Amino acid sequence: MIAYRIKRRLQKIAKWITGFLYWYAIPAKRITNLNRYERKITSQNWEDGMIHAIFKCIGVTNKYYVEFGVEDGTECNTRQLKRRGWNGLLMDGGENSVESGIKQEFITAENINELFEKYNVPKECDLLSIDIDGNDYWVWKAIEGYSPRVVIMEYNACIPYTPAVTIPYKADFSWDKTDYYGASLSAFVQLGIQKGYTLVATDGRGVNAFFVRNDIVQKHFVILPPEQIYRPAMFKGKLGGHPHDTTGRPWYTL
């Protein structure tokens, strides 16, 4: 057990050092493996380095982000971007201080477009990040008239790549910490195709999927089959992820 813990600690140190070095390296014209840039600063997992590499490669336009499901904003995908001069919209259903800048909004498929209008979101922002532990698929599907250059979606890595399934839509869905939430990666890949996006990576713990708009992706990324990009749940370093739902709730097959 002690040897295993030492091994895991050394692996984490090596990964941090590698990510630190790649943070300052200029990505190749076409990125072949986005995971080599993984580095955690203020993101929940290792997304900071991956996001940095994407925009260092494809460039930025308005440096505007939209992220919702940020809780108190301590760990989120856009905190580092704000430190580097970006600005944007943060939303969460919980209550936060006015100083945090996080808008208290309960996100649904019915209100997402109205919220974008309410907060004057640009039609083509640089980044959209969705992590609401439930209706993620349905909310992304409902967004119309907005074309962010990069989209980050939390997928349910407790499910294999296939089948393409999501939870049935229920506006007031609340996650109970089991593996019944969100949608499989193949479900998001299908939706991404419909919306004009290509999957380019998932993070090493099997939490977030990174999509790049089709008019950008071919110039900057070597595209692998999505089945090869999929990673299973490795939350807290252990295979399997969240506890299994034992209530028999149904999945919606796409």
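Me: Is Glu105 buried or exposed?

Reply: The model is predicted, so local features need pLDDT of at least 70 and side-chain atom pairs count only at pLDDT 80 or more, while totals for chains, interfaces and linings use all residues. Residues are numbered from 1 along each chain as its sequence is written, and side-chain values use heavy atoms, with hydrogens and water left out. Buried means under 20% relative accessible area, exposed over 50%, and partly exposed in between (1.4 Å probe, protein chains only). Because its relative accessibility is 14%, Glu105 counts as buried.

Me: Which residue meets Glu105 in a salt bridge?

Reply: A salt bridge places a side-chain nitrogen of Lys or Arg within 4 Å of a carboxyl oxygen of Asp or Glu. Here the N to O distance is 2.8 Å, and the partner of Glu105 is Lys118.

Me: How many residues apart in sequence are the parts that Glu124 and Arg213 tie together?

Reply: The closest N and O atoms of this salt bridge are 3.6 Å apart. Helices (H or I, at least four residues) and strands (E, at least two) are DSSP runs, numbered from the N terminus. Glu124 lies in the loop between α4 and β4 and Arg213 in strand β8, so the separation of the parts is 89 residues.
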